[in-house]
Amino acid sequence: PKGLGALAERKRRYFGVAWDVNRAVDSDYTQLVLAQFDQITAENSLKWETTEPSRGVFNYTNGDFVVGTALANHMSFRAHVLVWHSQLPAWVTAGNFSKTELTSIMKNHIVNVAGHYKGKVYTWDVVNEVFNEDGTFRSTVFYDTIGAEFIDIAFKTARQTDPHALLAINDYNIDGTGAKSTAMINLVKGAKRRGVPIDQIGAQAHLVVGTLPTDIQANWQAFTDIGVVVAVTEVDIRMPTPPTAESLAQQAADYKTVVSACLNIKKCVGVTVWGASDKYSWVPDVFPGEGAPLQWDDNLVPKPAYNATVQALLA
Ligand code: G3I
């Protein structure tokens with residue numbers, strides 16, 4: 001490994017990136033990704049709408065390409081995601097299934113998709129974004145139809161299917177302490193008491209420049225205190241666009257905060273950024289007037305955030 005990945009490995013961590021089939025056509029960008037990172041997450045290709053677009057019809061073309069690229073370049077592969085309410089095909093969301101039927105559909109999805117990638121996956125995001133901001137369960141087709149036990153069932157099925165993959169529960173806004181982080185701790189504690197195989201909490205870390213919670217490290221440390229590892233899974237730190245010298249400097253400080261937090265926590269296994277160049281970020285599509293959240297700019301020039309990451313990894 002080279003680049004950020006090599007620096008992270010010296011600290012027994014990885015430094016990963018989201019990448020996907022639709023980025024492969026940009027060879028300069030892909031060269032950058034392969035030169036800098038030692039772990040890949042498929043940004044979209046393993047989501048349910050892609051892997052099981054109609055009931056019982058599985059499509060692994062895009063996912064296989066991303067996994068193949070990662071493994072051929074000696075990068076580990078983080079698989080995202082088995083059970084999530086978003087990017088679900090309409091046959092699932094509008095199917096009006098009974099609890100029994102949806103449970104069997106969910107298990108069948110996990111058995112097939114995790115089965116297909118068995119042995120190639122370092123960590124699976126088994127369930128994603130199950131909480132509201134106040135720590136109650138989000139109303140989704142899985143929660144509303146099956147109840148909270150859909151989470152236990154999903155983890156048990158994933159473990160049976162690929163016993164060697166680490167199994168993660170992943171969410172955003174669980175960076176600082178608060179109701180959502182507390183709910184996550186309580187869920188994982190309860191699951192562990194019931195023998196449900198959750199190995200990892202994934203903190204997405206979609207953050208805003210200059211507004212980072214002051215207790216990120218303490219909060220992630222508290223996750224590991226309940227017997228799981230933590231991974232920082234989808235980092236980006238957005239700002240009002242266009243960037244200024246000041247906002248870029250603050251962003252650099254914020255990247256350092258996030259990376260250092262992981263390095264300072266014994267059981268934080270690595271950091272993944274949600275893309276490398278600002279030109280491919282999801283942020284401007286969803287938050288008009290905001291963007292530039294990554295470590296390289298639109299022209300693939302490293303930003304202060306990149307230099308700060310290097311400094312944090314060397315410290
Ligand atoms: O593939 C179609 C393309 O055919 C079509 O022409 C185009 C027109 O809009 O859309 C393309 O699909 C887009 C897809 O990304 C692939 O680029 C979808 O519209 C777009 O909604 C989708 O956005 C993704 C988003 O998840 C959807 O929820 C982002 O790329 C992806 O970065 C984002 O990732 C999520 C994580 O999975 C979970 N955590 C939050 C994170 C950011 O939202």
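Trainee: I would like to start with valine 81; in which strand is its place?

Mentor: Valine 81 has its place in strand β3, which spans residues 76-83. Keep in mind as we go that this is a predicted model.

Trainee: What kind of peptide bond joins histidine 80 and valine 81?

Mentor: To read a peptide bond, look at its omega angle. Histidine 80 and valine 81 are joined by a cis peptide bond, with omega about 20 degrees. Another cis bond joins threonine 241 and proline 242, where omega is about 0 degrees. Proline 242 has its place in the loop between β8 and α12.

Trainee: Back to β3, please. How many of its eight residues are buried?

Mentor: Seven of the eight are buried, and β3 is therefore mostly covered; a residue is called buried when 20 or more other C-beta atoms lie within 10 Å of its own.

Trainee: And which strands pair with β3?

Mentor: For pairing, follow the bridges and check the direction of the strands. Strand β2 (residues 39-42) runs parallel to β3, and three bridges join the two. Glutamine 39 has serine 76 as its bridge partner in β3. Strand β4 (residues 123-128) also pairs with β3 in the parallel sense, over four bridges. There, arginine 78 stands opposite threonine 123 in β4.

Trainee: What about the nonpolar core? Which of its members touch the most other members?

Mentor: The general idea first: in soluble globular proteins, nonpolar side chains tend to be buried together. In this structure the largest nonpolar core has 89 residues, and Leu82, Trp124, Val126, Ala154 and Val258 touch the most other members. Take Leu82: leaving aside residues up to four places away in sequence, it touches His109, Ile110, Val113, Ala114, Trp124, Asp125, Val126, Ala154 and Ala158.

Trainee: Now I would like to look at β8. Is this strand mostly covered or mostly uncovered?

Mentor: Strand β8 (residues 229-240) is mostly covered, with ten of its twelve residues buried. Let us go through its partners one by one. Strand β6 (residues 200-203) runs parallel to β8 and is joined to it by four bridges. Within that pairing, valine 232 in β8 is the bridge partner of alanine 203. Strand β7 (residues 206-208) is also parallel to β8, with three bridges. Valine 208 has arginine 238 as its bridge partner in β8.

Trainee: In which direction does β10 run beside β8, parallel or antiparallel?

Mentor: Strand β10 (residues 290-291) runs antiparallel to β8, joined by two bridges. Proline 240 stands opposite glutamate 290 in β10.

Trainee: What should I look for in the phi angle?

Mentor: Asparagine 173 is not a glycine, yet its phi is positive, about 55 degrees. Asparagine 173 lies in the loop between β5 and α10, and is partly exposed because 19 other C-beta atoms lie within 10 Å. Leucine 300, also a residue other than glycine, has a positive phi near 65 degrees. Its place is in the loop between β10 and α14.

Trainee: How do I read a helix?

Mentor: An α-helix has 3.6 residues a turn, so residues three or four places apart point the same way. In helix α3 (residues 27-36), Val33, Leu34 and Gln36 are buried. The buried residues of α3 pack against α1 and β1.

Trainee: Last one: which residues are around the ligand?

Mentor: They are Asn22, Glu43, Asn44, Ser86, Gln87, Gln204, Glu234 and Trp282. To read such a shell, sort its residues by kind: here one is nonpolar, five are polar and two are charged.

Terms used
Residues numbered from 1 in each chain as written. Predicted model: local features only at pLDDT ≥ 70, side-chain atom pairs only at ≥ 80, totals over all residues. Near = placed C-beta within 6 Å. Nonpolar A, V, L, I, M, F, W, Y, C, P; charged D, E, K, R; others polar. Core = buried A, V, L, I, M, F, W, Y, C linked by C-beta atoms within 7 Å. Contact = placed C-beta atoms within 7 Å. Pairing = 2+ DSSP bridges.
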